[in-house]
Amino acid sequence: MARALDVLGERWTLLIVRELLLGASSFGELCRGLPRIPRATLSARLRALRAAGIVDGYRLTDAGVALSPIVRELARWAITTDSAALGEDDLDTVALTWDMRRRVDAAALPDRRIVVAIEFSDRPISDRKFWLHLSRTGVDLCRDDTGAPVDIWLTTPTRAATEWWLGNLSWQQLMQQPGVQLHGDHTLQQQMPRWFTRYVFTPGALGVTTT
């Protein structure tokens with residue numbers, strides 16, 4: 001165990017493994033999935049993972065893929081104990097919206113491009129507004145308004161959106177949270193919960209029962 005921690009115990013290392021498990025395949029995608037990691041630190045951790053034979057380029061080796069159950073059990077532990085509860089400083093709109101981008105069920109989308117505008121009402125301007133362009137052929141996340149017509153506007157506090165994404169709130173419960181508003185095409189509003197598969201380590205996905 002001590003030797004394993006020598007290799008994996010530094011801050012960010014297992015989060016980099018998580019991102020690669022979830023499909024990141026470039027330095028830029030790792031940065032977007034882990035927006036708070038300094039670029040120099042990311043480079044250093046990648047070098048260490050490559051030296052340990054866990055990463056080859058931006059792909060996990062067999063040794064790296066074998067860490068999947070460890071990452072999963074750490075997520076289970078975080079969900080089932082108060083020791084790892086999210087504080088306000090842990091909430092991150094950039095990481096949240098990037099994960100939303102990659103957890104879209106393309107088959108559930110309408111047969112035309114949909115634009116969803118999300119405004120996090122409690123965030124500064126720099127981290128407040130995001131636009132998701134959804135289609136069956138691809139998903140784009142924009143930090144600036146491209147001028148494309150918006151089909152749905154979601155205004156929400158960051159905590160409420162995060163708790164829904166993590167599986168702690170249903171969509172109906174999210175809609176009942178203070179400060180949450182949904183506007184736009186009514187048919188699309190009803191369909192919207194089916195477009196997102198939410199965080200890969202939700203309690204339901206991990207077999208954890210919450211009250």
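Guide: Start with the inside. Of the 211 residues in the protein chain, 40% are buried. Buried means under 20% relative accessible area, exposed means over 50%, and partly exposed lies in between (1.4 Å probe, protein chains only). This is a predicted model: local features need pLDDT of at least 70, side-chain atom pairs count only at pLDDT 80 or more, and totals for chains, interfaces and linings use all residues. Residues are numbered from 1 along each chain as its sequence is written, and side-chain values use heavy atoms, leaving out hydrogens and water.

Visitor: Why is tryptophan 12 called buried?

Guide: Its relative accessible area is 13%. The limit is under 20%, so tryptophan 12 counts as buried. Tryptophan 12 also has a positive phi of about 85°, although it is not a glycine. It sits in the loop between α1 (2–8) and α2 (13–21). Helices here are DSSP runs (H or I, at least four residues), strands too (E, at least two), numbered from the N terminus.

Visitor: What makes arginine 198 partly exposed?

Guide: Its relative accessible area is 23%.

Visitor: How many disulfides does the structure hold?

Guide: The count is 0. Cysteine 31 is in no disulfide; the nearest cysteine sulfur, in cysteine 142, is 19 Å away. A disulfide needs two cysteine sulfur atoms within 2.5 Å. At 19 Å, the sulfur of cysteine 142 is therefore too far from that of cysteine 31 for a bond.

Visitor: Are these two cysteines buried or exposed?

Guide: Cysteine 31 has 14% relative accessibility, so it counts as buried. Cysteine 142 has 17%, so it counts as buried too.

Visitor: What makes the size of the protein chain agree with a compact globule?

Guide: The rule is 2.2 Å times the number of residues to the power 0.38, and the radius of gyration is taken over C-alpha atoms. For 211 residues, a compact globule would have a radius near 17 Å. The protein chain has 18 Å, so the value agrees. Along its principal axes, the C-alpha trace spans about 55 × 40 × 35 Å.

Visitor: How many helices and strands does the protein chain have?

Guide: It has 11 helices and 7 strands.
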